[in-house]
Amino acid sequence: MLNYIWLIPLCPLAGFLINGLWGLWCVRRTGRRPRKSFVAVVACGAVLLAFLISLGSFAGLLELEPENRIHEVNLFNWIPGLMVRTVSGELAQFQINWGFQLDPLSAVMILVVTGIGFLIHLYSIGYMSEEEGFYRFFAYMNLFMFMMLTLVLANNFLLMFVGWEGVGLCSYLLIGYYMEKRSAGDAAKKAFVVNRIGDYGFILGMLLLFAYFGSLDFTDLFSRIATLVPEPETAWGPLSWAALLLFIGATGKSAQIPLYTWLPDAMEGPTPVSALIHAATMVTAGVYMVARSAAIYSRAPEVMLLVAVVGIVTAVLAACIALFQRDIKRVLAYSTVSQLGYMVTALGVGAVTAGIFHLMTHAFFKALLFLGSGSVILGMHHEQDMMKMGGLRKYMPTTWWTMGVGTLAIAGTPLLSGFFSKDEILWRAYSLPGGSPVIWGVGVLVAGMTAFYMFRMMFLTFHGKERYDRHSGHAPHESPRIMTVPLMVLAAGSVVAGYVGLPPWLGPNVFEHFLEPVLATAWQPEAGAHHSHLEEILLAAVSVAVAGCGVFLAYHFFLARPEKAGQLRERFHGLYRVVYNKFYVDEAYDALFVNRCKGLGTWLSTFDLKVVDGLVNGSAAATRISAWISGQADIHIVDRLVNLTAEIVEFFSSVFRRLQTGLVQRYIAFFVLGLVLIIGCYLYLGA
């Protein structure tokens, strides 16, 4: 099965082509859209087949010895060999294959992408059933799956970048799916532009790596880097600059400071899009890329510190904003940004396996929460304001208990998946040489904030007083089975997924041992101070206690004494307003960058219209005037002179023509007359 890993991305690509081309043909030839049942079977079947092949490939990988768990399949030579001279003066062959690589890291990613992707596709059948653009939506979703699988299976940076840009394009198409909504179009453009800013860093990082090491192939490049020692902290060499530039790309794709503002606005797209792209898969692309490049980052300590700081600051900032949001999807959006900050922090302190472990568990409970919010929105007839909900538990019991499981998991409840992965990150942030008690402390604070805003969401949505409009004629209702069954499966995953990565004091960490071969080329720093299991248990207890405090505060302010929340909001109105408005970061970006760019564009447009076009138009007018003058001079001067010359010649020729009569006697007479005149002149002049 390992030799057929190329079929994994090919399956959703086939689904995209079938649904897309068939849909266009039906619309243009018959004026009718294709049958939704056909579209659903093709789209979901393509992803299910990719998932089954992924399972088979994963099983084949497990049969290999741990040190040999890497399998590459090169389909064809994409870019032929071009000889290029590197910075060191050596000749390198720039040759890129369209090839795929399956190893423990990419195996985890394809299982997450295809497995959760299939459940989201299944859910979408019910959620999007009333949409006219049903075939277009599923075609875009399949295209996204192809691009994401290309990204995680690529065996070189350039092919990874193809998938990287592809998921950005699909994000633009899916966020802007509701083309009639201006806000959706603006959000799609914002996501596209912000990601392009990060992509410039990615491109420069790739070019720098090739310029110094002469290769972009993962196996070849990382084996060359493995021979190097970490760069001095005071000196920035090519590895540090390459790591920084690649991380700029990661901040755009994984929504880290300062390029995080696009992700909350992306909630304008359909809820399944939020679950697939902006919770479980696409936004983890940056985390995956940094983890894949562990050989580079482990040798750039200054950049590692920067990564950790950016991650933890993003986590706490996004958690603060999530505390007071009213839109149920925006709460989850900022929660995603915060959890991505956790993952990036783990990578920054050197805990790569912990970051990928949280990526996997987060995919389960965050996809569950987003799909659950979609069920709520559909049951509330597209209402997203939690202040207009309340008491939905009795109307939507399945949605309630499944979202409850996801909320418990993300809050770090012991024995659920989020507890194991989040505790692993916090412990590594405390115990590893690249970590710090400060990072651990901020991480624990974020854990408490996460528990608070997630249970606030649950209490405002499913408990307490019913605040929706009873006179609208639309009562809340549970979603159909096609939507609730995926919720149940994801809820089960949110419970059991963490047991593959147990902490040492509970059992073997299978996940960490599975990923160890991927980190063979990473620099292994000297072990820090020894920490006991008791210390780890105590720190885990602290984080659980802080999360418990967050749950209690949410219960107190939004269920037991809801008036208290209003009183505090009025008392600290200024602070509440600042946080509710996201610290005015978007406004600051607009004032400092967006409006300045727009102003520059307006000035350049004016300069083009007034100066450049003026010069062009003036040159054209001057040309027309000079042409008219030249024409008049040609007509009245040149032509007149030519005609005058002709008239003179004609006059004299007519005179001489009269003399040429052809009579000999006249010629003799003229001769005699001329002779007489000559003799007379001679005699006269001689006298």
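Let's start at Y584, which sits in the loop between α23 (573-580) and α24 (585-659). Helices here are DSSP runs of H or I with at least four residues, strands are runs of E with at least two, and both are numbered from the N terminus. Phi of Y584 is near 55°, a positive value in a residue other than glycine. Y584 is partly exposed, at 31% relative accessible area. On that scale, buried means under 20%, exposed means over 50%, and partly exposed falls in between, with a 1.4 Å probe and protein chains only.

Some ground rules. This is a predicted model, so local features need pLDDT of at least 70 and side-chain atom pairs count only at pLDDT 80 or more, while totals for chains, interfaces and linings use all residues. Residues are numbered from 1 along each chain as its sequence is written, and side-chain values use heavy atoms, with hydrogens and water left out.

Now the whole chain. It has 25 helices and two strands. The radius of gyration is 38 Å, well over the 26 Å that the globule rule gives for 687 residues, so the chain is more spread out than a compact globule. That radius is taken over C-alpha atoms, and the rule is 2.2 Å times the number of residues to the power 0.38. Along its principal axes, the C-alpha trace spans about 150 × 70 × 55 Å.

How much of the chain is buried? Of the 687 residues, 51% count as buried. Take contacts between residues at least 6 apart in sequence: 81% of them join residues at least 24 apart. Contact means heavy atoms within 4.5 Å. The chain exposes about 31,100 Å², and carbon and sulfur atoms supply 67% of that area. The areas come from Shrake-Rupley with a 1.4 Å probe; for residues, only the protein chains shown count as cover.

Next, the loop between α15 (352-379) and α16 (397-410), where D385 is placed. D385 counts as buried, at 15% relative accessibility. What does its side chain reach? There is a polar contact with the side chain of R326, at 2.7 Å. The D385 side chain also reaches the backbone nitrogen of M387 at 2.9 Å. A polar contact is a pair of N or O atoms within 3.5 Å; within protein, one must be able to donate a hydrogen and the other to accept it, and residues adjacent in sequence count only if both atoms are side-chain atoms.

H382 is in the loop between α15 and α16 too. H382 is exposed, with a relative accessible area of 56%. Its phi is near 70°, positive in a residue other than glycine. Most residues other than glycine have a negative phi, and most peptide bonds are trans.

On to a cis bond. The peptide bond from I257 to P258 is cis, with omega near 5°. P258 lies in the loop between α8 (238-253) and α9 (262-265).

S57 is in helix α2 (residues 36-62). S57 is buried, at 0% relative accessible area. Not counting residues up to four places away in sequence, S57 touches M1, L2, I5, I8 and L102.

K564 is in helix α22 (residues 562-571). K564 is partly exposed, at 29%. Leaving aside neighbours within four places in sequence, K564 is in contact with H556 and F557. How far is K564 from W628, C-alpha to C-alpha? They are 64 residues apart along the chain, and those atoms are separated by 85 Å.
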